[in-house]
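Visitor: I would like to learn how to read features from a model like this one. Please take them one at a time.

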Amino acid sequence: MLDPSYTTIFLLGLSLALCSYLIYLFQTSFQYWKKRNIPYLPPTIPFGNALDLFLGKVTFGEVFSNAYLEFKKRGLKHGGMYYLQTPVYIPVDPEIVKKILITDAHNFPNHGMYVNPTDDPLSNHIFNMEGSYWRSLRSKMPANFTSAKMRHMYQIMLKLAEPYKQLLEQQAQLGEPLEIKSLVSRFSTDIISACAFGMESKTMNNENLDLLKHGRQFFDYQWSRWKNTLVVTVRRDILAKLGFRIFKKETQKYVIDMYTNIMEHRKKEGVTRNDITDSLIKLTEKREGELDFDGKHAMEPLDIPNFAAQMFVFFSAGFETSSGTQTFILYELAKNKHCQELLRKEINDVLRRHGNKLTYDAIMDMKYLQNVIDETLRLYPIFPILPRVCKEDYPIPGTDVILEKDTFVMVTNMGIQRDPEYYPNPEQFNPDNFDVENKGNRPHVANIPFGEGPRICVGKRFGILQTKLGIVTLIKDYEVSLNKRTTKGFQFEADQLILRKKGDVWLDLKKIEQY
Ligand code: HEM
């Protein structure tokens, strides 16, 4: 038997050797930007430049946005940083941003997320998909969001605005404040369920709350801090071999069962609605002679779990982003009464011109409303990062630097949209930033809350339309003010990828009797 004191010394020595080795590994990784002559932020072991994220002081979006703003302050075209030990390239110059997102997008085609179709089928959704699988699926999606489809879906949305109105009316009569985050979440869930899946979710009546709970998992769980840490520090193929999952098994079962039932019901009853569900069901069928986007291979039909993964991404992206946007809009309008008043005036003026009917054309005619939405998404881009992976070595335009294949690139829409060069008082809510003359003074990529290029948000028109309807329904008839129960101060929820205001947002509603 070994003397216990020797064992202790041995273990201490081993730990010391391991620590020294890890420090050496980090120090070597942290030479990456220096060696390539790219300016960088000094990292610390082991978090790189993400220490504040791990301390819960900032969100993902802010880690990258703060780096952008720092490089910009130093007058740089770009810079490098480290997320843990992984080097991340941050473009600052709008010409470089434009090239990466649009002109040279073929060299930055993927988001670089973790996908494991075998053990975690829900991870294999369009946002995470790569290569020709993504291109083939993506090429079928815009047909679901044409103007004609939007007009049709608007009629469905209008019907769902009725229970929303009734609830507002009841609450105003009671004289009680309203927690708006939860309410708009339920309103948006009912809309996406009806428009995309032909499903009455009735969450507005507090039914089907499981749907909401599992829907939340999409963002809450997928991008939690520790999962990201693993995905960034361990190679994706190794994680896949280890069967690493990002979705809970119970969510997987709930989601696959629900969408399988919808598909089977449609097939059995011969129901067609010409919606996203129909177009995804078609993709589950073998289509003789159809080739994938590259024209090289036969188009493989989606299997059931993959069908469910696509339905789930449309559902989750559909309700969470629009409801978050509506919450931020109402929060800002409650604080900025003159903007609220201007908006209400526009709504009433436009309605008068449209025979007092809230038609699709009327809502699209509301220019100030669009400015309010644009300004809110500028300050609070719900999805605050546009990740890309460099496919082949890439000469960075206007520099003598080559960006290496497989480098992680982070276009930070949050940073760009808070850049004082483009928006003189970036922290201040000011819908006039989006007046035609002000817009014309900025590069196109200075406002990209929906992303840009081939990966641009596929549901942009839908998201904007349902946000418009939600805001008009409320602001037309009620003056909103912040109730004192609203969580004090402003902070984003930590540990989230998408931007959410921390705490509740309580609004007092005062009915406008006559305008
Ligand atoms: C205010 C509302 C919304 C915002 C701010 C938003 C924002 C974004 C952003 C920033 C991206 C990444 C774009 C890029 O990488 O360049 C994205 C992708 C995506 N969005 Fe949205 N979105 C919204 C609403 C919606 C809605 C309503 C749907 C579905 C009905 C949707 C479905 C998607 C999908 C499927 C993708 C992945 C596209 C791909 O990778 O090909 N989004 N969204």
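Visitor: Is Asn 208 buried, partly exposed or exposed, and why?
Guide: The model is predicted. Asn 208 has 34% relative accessibility, so Asn 208 counts as partly exposed.

Visitor: Where is Asn 208 found, and which residues does Asn 208 touch?
Guide: Asn 208 sits in the loop between helix H8 (180–197) and helix H9 (209–220). Leaving aside residues up to four places away in sequence, Asn 208 touches Glu 200, Ser 201, Thr 203 and Tyr 254.

Visitor: How do side chains point in a strand?
Guide: In a regular strand, side chains alternate between the two faces of the sheet. In strand S4 (residues 386–389), Leu 386 and Arg 388 point one way, while Pro 387 and Val 389 point the other way. All of these residues are buried.

Visitor: Which strand is joined to S4, and by how many bridges?
Guide: Strand S7 (residues 408–411) is joined to S4 by 4 bridges, and the two run antiparallel. Arg 388 has Val 409 of S7 as its bridge partner.

Visitor: At what angle do helices H14 and H15 pack?
Guide: An angle of 65 to 115 degrees counts as roughly perpendicular. Helix H14 (residues 304–335) and helix H15 (residues 337–353) pack at about 110 degrees, with axes 5 Å apart. H14 and H15 are therefore roughly perpendicular to each other.

Visitor: Which residues make the contact?
Guide: H14 supplies Leu 333, Ala 334 and Lys 335, and H15 supplies Lys 337, Cys 339, Gln 340 and Leu 343. By class, the contact of H14 with H15 has 4 nonpolar, 1 polar and 2 charged residues.

Note on methods:
Residues are numbered from 1 along each chain as its sequence is written. This is a predicted model: local features need pLDDT of at least 70, side-chain atom pairs count only at pLDDT 80 or more; totals for chains, interfaces and linings use all residues. Side-chain values use heavy atoms; hydrogens and water are left out. Buried means under 20% relative accessible area, exposed over 50%, partly exposed in between (1.4 Å probe, protein chains only). Two strands pair if DSSP finds at least two bridges between them. Axes are lines fitted to C-alpha atoms, for helices over the stretch in contact, and angles run from 0 to 180 degrees between N-to-C directions. Angles under 35 degrees count as roughly parallel, over 145 as roughly antiparallel, 65 to 115 as roughly perpendicular and the rest as oblique. Contact means heavy atoms within 4.5 Å. Ala, Val, Leu, Ile, Met, Phe, Trp, Tyr, Cys and Pro count as nonpolar, Asp, Glu, Lys and Arg as charged, and the others, Gly among them, as polar.
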